[in-house]
Amino acid sequence: MVGTVISSVVLVVGLLFIIVRPIWRLTRSPLYWDMGIGTGAVIIFLIYIMTAVVTPKMIEEDLAKEPCGSKSPQGACYKLEPDLCKTIWDKAIGDCKQELADIIKARPTGLIWPALSRCSARKMDKSVRYNRVQSETDYCKAYFSYLEEKH
């Protein structure tokens, strides 16, 4: 809270320097002093907002979307503890990497994540199918139909 108040004051001071130009009015020095101080204050404000507000929210959202995160299909569509879910997912990834080893070896720079992801999701679903959430959400329906498609 204190950081936000201080950064807001810095923003207001910066904007005042840009708009009112107090150094130029008092000393008739070049305008770029006011503009430089004002711009610097606005940049400091923006850096603070990015590091204190935006970045933590982005990290939180990214973690929620990781496999077994709260917003991932594994976290939303199965009744599993996060640690158990992550363990099962890691085992499924390992098994699928072995299955797809020929493809990986033939095309080491190829995009294999979609195939690896689908394979891992199917393997995980086979092992914990009984833990599916019995909800009618479109998200889980789409995820389960994606797993059951033939490809």
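Me: What is the torsion about the S-S bond of Cys96 and Cys119, and which hand does that give?
Reply: The torsion is about -85 degrees, so this disulfide is left-handed. A disulfide here is a pair of cysteine sulfur atoms within 2.5 Å. For Cys96 and Cys119 the S to S distance is 2.0 Å.

Me: Which helices do the two come from?
Reply: Cys96 lies in helix α5 and Cys119 in helix α7 (residues 113-128), so the pair ties together parts that are 23 residues apart in sequence. Helices are DSSP runs of H or I with at least four residues, strands are runs of E with at least two, and both are numbered from the N terminus.

Me: Before we go on, what kind of model is this?
Reply: It is a predicted model, where local features need pLDDT of at least 70, side-chain atom pairs count only at pLDDT 80 or more, and totals for chains, interfaces and linings use all residues. Residues are numbered from 1 along each chain as its sequence is written, and side-chain values use heavy atoms, with hydrogens and water left out.

Me: Back to Cys96 and Cys119. Buried or exposed?
Reply: Cys96 is buried, with a relative accessible area of 0%, and Cys119 is buried at 15%. Buried means under 20% relative accessible area, exposed means over 50%, and partly exposed is in between (1.4 Å probe, protein chains only).

Me: How many disulfides does the structure hold?
Reply: Three. Counting bonded cysteines along the chain, the pattern is 1-3, 2-6, 4-5.

Me: What about Cys77 and Cys140, how far apart are their sulfur atoms?
Reply: They are 2.1 Å apart and form a disulfide. Its torsion is about -100 degrees, so it is left-handed. Cys77 lies in helix α4 and Cys140 in helix α8 (residues 138-148), so the pair ties together parts 63 residues apart in sequence. Cys77 has a relative accessible area of 0% and is buried; Cys140 is buried too, at 2%.

Me: And what does Cys68 pair with?
Reply: A disulfide joins Cys68 to Cys85, with S to S at 2.0 Å. Cys68 sits in the loop between α3 (32-65) and α4 (73-77), while Cys85 is in helix α5 (residues 82-99), 17 residues apart. The link is left-handed, with -80 degrees about the S-S bond.

Me: Which of those two is at 13% relative accessible area?
Reply: Cys68, which is buried at that value. Cys85 is buried at 2%.

Me: New topic: where is Val20?
Reply: Val20 is in the loop between α1 (2-19) and α2 (22-27). At 34% relative accessibility, Val20 counts as partly exposed.
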